[in-house]
Amino acid sequence: MPPTNAPDWPRVQLHVVTGKGGTGKSTIAAALALALASHGRNVLLCEVEGRQGIARMFDVDPLPYAERRIATGLTGPDGRAGSVYALHIDPESALLEYLSMYYKLGRAGRALDRFGVVEFATTIAPGVRDVLLTGKVYEAAKRNRRNKDAIHYDSVVLDAPPTGRIAQFLNVNNELAGLAKMGPIKSQADTVMTLFRSPRTVVHLATVLEEMPVQETTDGIADLRAARLPVGGIVVNLVRPRDLSTEELTAAREGRLDRARIEADLLAANVELLPGLVDGLAAEAHDHAERRALEDSQRALVEELGLPTYELPRLAGGVDLGGLYQLAALLREQGMA
Amino acid sequence: MTTTPRKPRLRVGPLASTALIAPVLDVDAVLDDRTTRIIVCCGSGGVGKTTTSAALALRAAERGRHVIVLTIDPARRLAQSMGIEALDNTPRPVVGLEGDQGGRLDAMMLDMKRTFDEVVESQANPEKARQILDNPFYIALSSSFAGTQEYMAMEKLGQLHRDARRTGGADLIVVDTPPSRSALDFLDAPERLSSFLDGRFIRLLTAPARGPARFMTAGLGVVTNALNRILGTQVLRDMQTFVAALDTLFGGFRQRAQQTFELLQAEGTAFLVVAAPEPDALREAAYFVERLTEDEMPLAGLVVNRATQPPESDLDADEALAAMARLTRHGTGTLTAGLLRLHADRSRMVERERLLRERFAAAHPGVPTAVVPALATDVHDLDGLRQVGALLAEG
């Protein structure tokens with residue numbers, strides 16, 4: 001996709017990021033939050049899986065159930081940055097907060113906890129747990145007049161459960177249907193669904209160019225669509241370097257690389273021609289070309305999905321905080337933020 | 001199973017780099033040891049647990065053992081090639097084994113809900129069982145409770161093990177574990193479920209049915225009131241029915257959970273922790289290793305999948321980058337510049353992965369480790385599994 005300056009999701013307030021394990025969904029969620037936080041904007045990055053991944057990525061203390069400013073966003077074209085806040089949502093705290101906020105259950109809330117109700121509600125009924133988790137995200141995204149002291153966020157990024165579970169997780173209504181056909185928890189679920197199904201929400205899918213993750217992405221999109229949840233873009237992560245041209249790749253695969261030329265270049269660049277060097281480089285190129293061919297076939301499948309697609313390189317040194325800003329800049333260049 | 005020779009305690013100085021190298025995991029020794037009856041592969045999601053389990057099972061079978069592999073959620077094509085796309089919760093023979101060692105491989109995919117239903121049916125009379133199976137809380141619990149999958153994988157393992165003992169069938173069961181959100185879920189699942197069933201809230205809900213509710217305090221009124229307001233009466237009623245029905249099964253559940261836990265601790269079990277050379281995956285692996293040690297579970301070793309293959313030439317990464325920069329500056333040799341960049345990239349990744357593994361080994365000394373290079377393609381047939389098995393055995 002050609003670089004563009006106009007972001008692809010101008011009206012979106014809630015960005016949900018999912019992906020198969022190992023595709024780097026948390027990294028992408030973090031990079032997206034940094035990219036969105038420019039121009040003085042406030043962005044909230046939420047995690048719901050109890051991993052404390054945000055704290056590790058941003059190198060801060062483990063996050064409590066409270067919004068913390070964790071980083072300055074990526075500087076925008078106008079030279080201004082914004083702020084990234086983070087929130088670690090756990091179902092127990094969310095339930096107690098929910099009880100005190102909507103029911104003014106001070107004493108009873110504590111009694112519920114004492115009787116193990118909180119544990120019950122948050123472990124046995126996954127529907128209830130997901131309503132609590134998503135309900136908190138909803139509260140942050142839709143925060144308004146009711147709470148004047150709270151920070152107003154321009155966008156919220158949710159590091160969501162993996163692709164295999166995402167539709168179920170967001171489709172809280174459906175999950176609850178068997179358990180609660182009416183009552184307050186059901187109406188809470190309804191409200192949350194209204195936001196999730198609105199144009200203010202998109203669900204992005206992270207993948208890598210390998211067979212299983214691409215297949216899972218395809219399945220995940222079908223699940224989301226079946227649940228009438230808005231599908232956003234696909235972020236293709238960990239893409240191999242693309243320094244070689246198509247012809248060079250073909251030559252490398254067929255063992256026809258111009259060795260004389262490579263030798264001459266190496267000499268010109270003052271590299272000592274140790275025995276086996278050219279052979280080694282050619283063998284590495286062959287290996288790389290094979291993997292690139294496989295990547296290309298998976299990329300074609302991703303393109304067939306017809307969604308906005310963003311690509312992020314595999315950083316050879318791993319992703320540290322600096323790497324996150326690098327990835328954020330790449331997402332912005334490609335118009336994701 | 002193999003016992004790792006106890007390493008002599010060395011005084012390790014900062015330069016004693018030998019201490020940083022983990023002993024090599026001898027996979028074949030584990031597979032060939034007839035006293036190994038169960039192999040559990042655990043690790044975080046996306047590290048190739050399912051493939052590793054299937055590859056180990058196939059290798060063991062082709063080395064003459066009668067193996068059952070219990071997979072959780074295999075990729076479609078892999079499942080097809082093993083003939084287990086049909087979810088019927090029973091091991092099915094895999095055809096196409098090579099060699100003449102007289103081994104056999106049966107494979108199955110876990111059906112979590114069905115396994116749970118079967119437990120209920122085996123523990124209650126038909127009428128009671130029906131009552132439970134139809135309850136919306138049971139349906140939620142059995143199909144999506146965080147931990148049910150883990151618990152049911154262990155339950156199924158227990159069943160397969162008992163069957164094998166009784167019929168003298170399989171002599172090795174290889175089990176894949178679900179990609180838990182937390183490393184601890186699957187070990188905790190049995191305990192969590194039983195402690196949950198024994199919890200205060202359950203007792204509160206069932207108390208009236210148990211006769212004199214003397215110990216119930218004024219708290220009860222507050223609690224039921226609050227629940228009514230939050231959940232609505234219908235939910236509360238379903239919950240009560242469910243809990244009352246399940247209460248009778250409770251003893252059975254607890255006992256089974258305990259048996260499974262003991263089975264895992266027993267001599268013939270070997271745990272393999274599977275990881276990828278990434279900080280997150282290795283952190284989870286470290287968790288597993290610590291936890292298994294704590295619970296006295298027999299840890300056989302660590303498998304690091306998806307390792308970057310060492311570069312073919314040993315040109316230094318920095319030198320390669322410098323040369324690349326010179327070529328680019330001259331505007332010549334784009335092909336060679338590209339090759340140098342690829343080389344530098346790969347060297348750096350290998351170096352980084354080596355460091356990660358070293359740190360792991362330093363923090364968890366003496367864990368036998370097998371490093372499996374990343375394959376160019378996904379594995380979706382027996383040949384692929386055989387190749388992975390061979391790489392595992394090479395360590």
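This is a predicted model: local features need pLDDT of at least 70, side-chain atom pairs count only at pLDDT 80 or more; totals for chains, interfaces and linings use all residues.
1. Chain B contains an open sheet of eight strands with mixed pairing, in the order S3-S4-S2-S5-S1-S6-S7-S8. Its edges are formed by strand S3 (92-93) and strand S8 (369-373) of chain B, each of which pairs on one side only. S3(B) runs antiparallel to strand S4 (residues 104-109) of chain B, and two bridges join them. Within this pairing, Arg92(B) has Ala107(B) of S4(B) as its bridge partner.

2. Two helices that pack on this sheet may be considered together. Helix H2 (residues 49-62) of chain B touches strand S1 (38-42), strand S2 (66-71), S4, strand S5 (172-176), strand S6 (269-275) and strand S7 (299-307) of chain B. The direction of H2(B) makes about 170° with that of S2(B). Helix H16 (residues 382-394) of chain B touches S7 and S8 of chain B, and its direction makes about 140° with that of S8(B).

3. The largest nonpolar core has 90 residues. Those with the most contacts inside this core are Ala57(B), Val67(B), Leu70(B), Ile173(B), Val273(B) and Ala275(B). The helix H2(B) gives the most to the core, contributing seven residues. Beyond its neighbours within four places in sequence, Ala275(B) is in contact with residues including Gly43(B), Val47(B), Leu302(B) and Val304(B). Also in contact with Ala275(B) are Ala281(B), Leu282(B), Glu284(B) and Ala285(B).

4. Another core, of 83 residues, lies apart from the largest one. Among its members are Val43(A), Leu44(A), Ala86(A) and Val236(A).

5. Two residues of chain A deserve a check of their backbone angles. His39(A), which is not a glycine, has a positive phi near 60°. This residue is placed in the loop between helix H1 (25-36) and strand S2 (42-47) of chain A. Because 16 other C-beta atoms lie within 10 Å, His39(A) is partly exposed.

6. Leu238(A) likewise has a positive phi, of about 55°, although it is not a glycine. Leu238(A) lies in strand S7 (residues 231-239) of chain A. Is Leu238(A) buried or exposed? Leu238(A) has 20 C-beta neighbours inside 10 Å and therefore counts as buried.

Key: Residues are numbered from 1 along each chain as its sequence is written. Chains are lettered from A and ligands numbered from 1 in the order in which they are written. Two strands pair if DSSP finds at least two bridges between them. Helices (H or I, at least four residues) and strands (E, at least two) are DSSP runs, numbered from the N terminus. Two residues are in contact if their C-beta atoms, placed from the backbone, lie within 7 Å. Axes are lines fitted to C-alpha atoms, for helices over the stretch in contact, and angles run from 0 to 180 degrees between N-to-C directions. A nonpolar core is a set of buried Ala, Val, Leu, Ile, Met, Phe, Trp, Tyr and Cys residues joined through C-beta atoms within 7 Å. A residue is buried if 20 or more other C-beta atoms lie within 10 Å of its own, exposed if 12 or fewer, and partly exposed in between; C-beta atoms are placed from the backbone.
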